[in-house]
Amino acid sequence: MSKQQAIYCFGPFRLDPEARQLFRDEEPTPLRRKSGEILWLLLQRPGELISKNEILEKIWPVECVAEGTLVQHISLLRRALSDDPRSPS
């Protein structure tokens with residue numbers, strides 16, 4: 001018997017981590033792989049504060065990346081989710 005992975009639903013969105021796909025109202029929403037991994041990490045720990053260092057360690061465990069890379073992926077994620085950084089949801 002195979003283990004089934006959770007599908008995360010929030011607002012009009014649905015994230016299928018196994019298929020690495022984000023949907024908005026059943027329509028696929030383009031998302032870069034690392035941005036999707038960040039979203040998956042955040043969805044697994046709702047309401048928790050996750051430090052940028054922890055995100056960097058979990059998403060890029062063997063790579064040394066600049067903080068700007070994380071900022072870029074968060075920006076792409078906000079754009080995909082239509083989230084306003086001045087009034088984040």
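Which residues in H3 are buried? Before selecting them, note that this is a predicted model, in which local features need pLDDT of at least 70 and side-chain atom pairs count only at pLDDT 80 or more, while totals for chains, interfaces and linings use all residues. Residues are numbered from 1 along each chain as its sequence is written, and side-chain values use heavy atoms, with hydrogens and water left out.

Select helix H3, residues 67-80 (helices are DSSP runs of H or I, at least four residues, and strands are runs of E, at least two, numbered from the N terminus). Its 14 residues reach 20 Å from first C-alpha to last, close to the 20 Å expected at 1.5 Å a residue (1.5 Å times one less than the number of residues).

Now pick out Leu70, His73, Leu77 and Ala80, which are buried (under 20% relative accessible area; exposed is over 50%, partly exposed in between, with a 1.4 Å probe and protein chains only). Viewed down the axis of H3, the buried residues fall within an arc of 85 degrees, so they line one face (the arc is that of the directions from the helix axis to the C-beta atoms). Their packing partners are S2, strand S4 (27-29), helix H1 (33-44) and helix H2 (52-59) (contact means heavy atoms within 4.5 Å).

Turn to the face away from the buried side: Val71 and Arg79 are exposed there. After H3 comes serine 82, with a positive phi near 55 degrees.

Next, go to strand S2 (residues 13-16) and select aspartate 16. The side chain of aspartate 16 reaches the backbone nitrogen of glutamate 18 at 3.2 Å and that of alanine 19 at 3.2 Å. Not counting residues up to four places away in sequence, aspartate 16 touches Ile7 and Gln21.

Terms used: A polar contact is a pair of N or O atoms within 3.5 Å; within protein, one must be able to donate a hydrogen and the other to accept it, and residues adjacent in sequence count only if both atoms are side-chain atoms.
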